[in-house]
Amino acid sequence: MALLHRLAVTAALTTAAAAGALAPAAATPLPLPLPFDGESADRLVITVSETGEADDAATFVLNCHPTGGTHPRARAACRQLDAQTVWGRDPFAPVSPDAMCTGQYGGPATARVTGHWAGRPVNAWFNRTNGCEIARWNRFSVVLRTPGS
């Protein structure tokens, strides 16, 4: 019986020593995997229409982090989006229905932005129908490719 007890203790100590040797490697955090499907990446599809300019009515893909896509000013557009992004606030949030807006009209231009930004899905509509909507559009002027931006 003493021999069997010694074998059990030796096996337990060997197992514990092996587990202890592996513990530091297992405790090291692994890097997060990169998104493989693009669903988690900062990727937006921007469709602008009714601008009055044939060259400005188009659809573009904007990738940020890393920068890419078909947007003609991708780097500047990503910088503009980064500047609008604040933790806990949706940069694409619509104008509040309670907002007091001026009655000015900025034209028939419309835009739709879909995709993912900062880990959240985006489905935003833009127009220039009053002062609040114009201000919101202007915050994204490079992204929406406003003439002169």
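Me: What should I know about the model and its numbering before we start?
Reply: The model is predicted: local features need pLDDT of at least 70, side-chain atom pairs count only at pLDDT 80 or more, and totals for chains, interfaces and linings use all residues. Residues are numbered from 1 along each chain as its sequence is written, and side-chain values use heavy atoms, with hydrogens and water left out.

Me: How do you know what counts as a helix or a strand here, and what pattern does the chain follow?
Reply: Helices (H or I, at least four residues) and strands (E, at least two) are DSSP runs, numbered from the N terminus. On that basis the chain has three helices and five strands, and its pattern along the sequence reads α-β-β-β-α-β-β-α.

Me: What makes two strands a pair, and which order do the strands take in the sheet?
Reply: Two strands pair if DSSP finds at least two bridges between them. β1 and β2 (residues 58–64) have seven bridges and run antiparallel, with V48 having A58 as its bridge partner in β2. Seven bridges also join β1 to β4, again antiparallel, and there L44 stands opposite G115. β4 and β5 pair in the antiparallel sense over eight bridges, and R112 has W125 in β5 as its bridge partner.

Me: Why are β3 and β5 said to stand at the edges?
Reply: β3 (68–69) and β5 each have a single partner strand, so one side of each is left without a neighbour in the sheet.

Me: Which residues form the covered face of β1?
Reply: D42, L44, I46 and V48 make up the covered face of β1, while R43, V45, T47 and S49 are on the uncovered one. In a regular strand the side chains alternate between the two faces of the sheet.

Me: Why is F92 called buried?
Reply: Buried means under 20% relative accessible area, exposed over 50%, and partly exposed in between (1.4 Å probe, protein chains only). F92 has a relative accessible area of 5%, so F92 counts as buried. In the chain of 149 residues, 28% count as buried.

Me: What does F92 touch, and how do you know that these are contacts?
Reply: Contact means heavy atoms within 4.5 Å. Leaving aside neighbours within four places in sequence, F92 is in contact with L44, L81, V113, W117, V122, A124, F126, R136 and F140. F92 sits in the loop between α2 (74–84) and β4. The C-alpha atoms of F92 and V122 are separated by 7.4 Å, although these residues are 30 apart along the chain.

Me: What makes Q84 and E133 buried or exposed?
Reply: Q84, in helix α2, is buried because its relative accessible area is 14%. E133, in helix α3, also counts as buried because its relative accessibility is 14%. Beyond four places in sequence, Q84 touches R89, P91, R139 and F140, whereas E133 is in contact with V95, N127 and R128.

Me: What makes the largest pocket a pocket, and which residues line it?
Reply: On a 1 Å grid over the protein atoms alone, a pocket is an open set of points with protein on both sides within 12 Å along at least five of seven lines, and a 1.4 Å probe that fits but cannot get out marks a cavity instead; lining residues have an atom within 4 Å of a point. The largest pocket holds about 350 Å³ of space, a volume being the space filled by probe spheres set on points joined across faces, edges and corners. Of its 21 lining residues, the closest to the centre are R89, D90, P91, F92 and R120. β5 gives the most to this lining, with six residues.
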